[in-house]
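Please look it over before reading on.

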Amino acid sequence: VGTKLVTFYSKCDALEPAIRLFTRLETQTVFSWAAIIGLLSRLGSNQEALSAFCQMLNNGLFPDNFILPNALKACAALQLTGFARGVHAYALKMGFAHCVFVGSSLVDMYGKCDQLEDARKVFDDMPVRNTVSWNSMILGYVRNGLNEEAIHLFYDMRVDGVEQTQVTLSSLLSASANLGALQEGRQAHALAILHGLELDNILGSSIINFYAKLGLLEDAELVFTSMLEKDVVTWNLLISGCVQNGEFQKALNLCHLMKSENMRFDSVTLTSILSMSAATANLKLGKEGHCYCIRNKLESDVAVASSTISMYAKCKRIRSAVQVFKSTTQRDLVLWNSMLAAYADLSLSGEALKLFYEMQLDGATPNVVSYNSVISAFLRNGQVNEAKDMFSQMHSLDVLPNLITWTTLISGLTQNGFAFDAILIFLQMLETGIQPNIVSIVSALSACTALALLQYGRTIHGHLTRRDICLSVPLATSLVDMYAKCGCVYEAKNVFDLVVNKELPVYNAMISGYASHGLAVEALSLFTHMEDVGVQPDNITFTCILSACNHAGLVSEGLELFNDMVSKYGVKPCLEHYGCIISMLSKSGNLDKAYELLRTMTHKPDAHILISLLASCKENHEIELGEYLREHLLQMEPDNSGNYIALSNLYATAGMWDAVTEVRNIMKEKGLYKNPGCSWIQIGQEVTIFAAGDVSHPKTEEILATLALLGMEMQFMGDGHIIY
């Protein structure tokens with residue numbers, strides 16, 4: 001009777017009376033121990049459950065195949081792999097290895113302890129497998145990111161004729177969502193309908209999560225509305241899906257609807273609301289979410305605190321972010337990293353570095369995410385050497401850089417003008433076996449473009465071809481731009497032709513390439529084709545096509561395009577457009593029209609426009625207009641040596657040598673010097689730079705001798721001269 005009472009209270013999850021009766025039993029049998037260990041395991045008291053298991057063994061009793069699954073469940077919850085292997089050994093020794101309940105529990109335990117090989121070995125050795133065995137193995141694969149293996153095992157399960165449950169299909173949906181496998185996910189949904197499975201909170205939520213992750217929000221909403229009972233998890237999944245897909249208003253409407261259904265927001269709901277506030281820089285909504293957290297005592301939740309810090313950072317309220325961070329007493333690594341990321345977003349490298357050392361003094365060991373934030377902060381602030389030092393420090397402390405680390409460094413170096421370093425880092429990343437993402441490839445190609453390093457650009461293109469990486473719009477645009485700016489406009493055209501679904505950025509890159517090579521006819525032809533296929537041009541398109549007309553001297557075509565830009569396409573002219581037209585008019589000798597446009601345009605002219613007019617004044621001997629432009633130019637950029645050189649050339653053309661001397665004297669007084677012309681050439685892996693007047697190269701004499709021979713040959717072939 002005592003044993004039956006212990007079992008009764010245990011099954012009712014009544015811990016106190018069950019324990020009291022158990023300790024008063026004269027004889028504690030296997031059944032009473034089984035009841036107590038099962039109760040402790042169900043209530044999450046896993047350490048106590050394992051202590052009871054050990055005590056039972058010490059008392060000379062042998063756990064049976066009903067106790068072992070509960071002990072293994074407790075081991076999995078505590079991640080005690082060593083203890084679990086001991087239980088596994090006991091099961092083998094006692095002959096329970098072929099019990100389907102014990103086998104399923106072993107598969108589940110090894111899966112949760114990230115020991116997939118052991119889990120699969122146990123699974124394969126099981127003479128009989130039930131639905132639970134299959135579910136445990138599939139779930140183990142999904143939990144460890146082996147989603148393709150999970151889907152393959154699901155197919156094997158169907159072939160074996162094993163019944164699928166809601167848990168099975170939920171696992172398949174999770175794997176499909178992680179892989180973006182639309183067909184497999186839809187099959188899981190179809191099987192749920194075919195088998196008549198109820199869309200409960202587990203299965204229904206899994207289907208919603210699948211559709212939301214793949215951006216199919218309408219399908220997710222249909223499933224949501226068809227569910228009879230919805231818990232907070234279900235609401236959170238749909239709200240989170242809307243936020244991740246940029247449907248912020250829809251997410252907000254769902255939050256209002258959730259409140260009207262008397263559902264309370266939990267920490268996950270608030271995280272979505274705060275993420276939405278951060279994405280839209282909506283400080284008002286973010287503060288409302290923060291206030292709700294405080295009123296409902298959720299502000300101590302680490303996930304909520306991290307989201308609040310990110311929200312304030314995105315809204316440029318760093319003091320508020322710091323206040324939230326300091327008010328959170330239980331700081332884990334995630335929270336420290338959130339604060340580091342906040343500083344990085346606002347380019348506050350000094351504060352980020354200080355916090356980086358502070359977290360170590362507080363006992364938090366920085367991980368790769370921490371280093372990424374500090375490196376990003378340095379690069380955003382232009383502190384390239386400090387970023388490199390931090391990257392080196394990672395290696396010395398055996399913190400392995402991940403894809404984000406490499407990408408951050410490559411893009412940051414490129415943006416800070418260290419293009420060659422960026423290319424070397426990219427190649428180093430490939431050597432380590434890390435496959436680049438689109439951002440890192442685009443950044444590396446930009447670096448090749450900046451230095452006109454065609455060889456490296458082709459290397460990256462070759463990598464894409466060998467890896468059979470699809471030419472997405474960003475990649476295709478970068479490749480076209482790289483080839484065009486490295487002088488290979490026809491190779492750029494080959495890449496352009498390979499793109500199946502051409503979008504506006506690819507057209508812009510190709511038109512720009514034609515423009516820079518003086519191929520105005522080809523640029524205009526491509527622009528017309530773009531219009532014919534229904535691609536709407538933007539302001540960048542018109543900058544490129546007007547530049548092509550400017551280079552080729554196609555004045556009437558350029559003016560017509562400028563008029564169409566405003567009247568036909570509704571594109572508001574910007575400074576670049578005006579600059580192209582003014583340069584075009586002034587080069588063709590229409591200085592009066594160019595000056596009239598300069599006076600009437602809506603934008604204040606920049607130095608580039610004034611310089612282009614000034615150059616035409618030199619060609620057309622318009623000294624008076626040149627004097628007028630001089631005043632504005634020197635007011636705008638008084639310390640730009642190029643402006644003084646342009647003025648000096650204007651006066652020299654007109655024979656005004658006193659004015660030339662005056663300009664040169666002003667330059668000397670200001671300490672301004674003409675920046676020497678510079679070019680470079682790549683031979684093998686080495687880039688050699690040549691500057692005007694520089695004779696420091698070890699082979700200068702040979703180079704000059706070769707130039708002299710070339711000059712003589714040019715003169716022999718025909719009239720001409722060479723400028724050294």
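Q: How far apart do the centres of the positive and negative side chains lie?
A: This is a predicted model, in which local features need pLDDT of at least 70, side-chain atom pairs count only at pLDDT 80 or more, and totals for chains, interfaces and linings use all residues. Residues are numbered from 1 along each chain as its sequence is written, and side-chain values use heavy atoms, with hydrogens and water left out. Lys and Arg count as positive, Asp and Glu as negative; His and the chain ends are not counted. Each charge is placed at NZ of Lys, CZ of Arg, CG of Asp or CD of Glu. With 52 positive and 72 negative side chains, the two centres lie apart by 8 Å.

Q: Which residues of helix H36 are buried?
A: Helices are DSSP runs of H or I with at least four residues, numbered from the N terminus. Buried means under 20% relative accessible area with a 1.4 Å probe, protein chains only. In H36, residues 591–600, the buried ones are Leu591, Ala594, Leu597 and Leu598.

Q: Which exposed residues does the face of H36 turned away from its buried side carry?
A: Exposed means over 50% relative accessible area. On that face are Asp592, Lys593 and Arg599.

Q: What share of the 724 residues is buried?
A: The count runs over the protein's 724 residues. Buried residues make up 45%.

Technical notes
Helix = DSSP H or I, 4+ residues; strand = E, 2+ residues; numbered from the N terminus.
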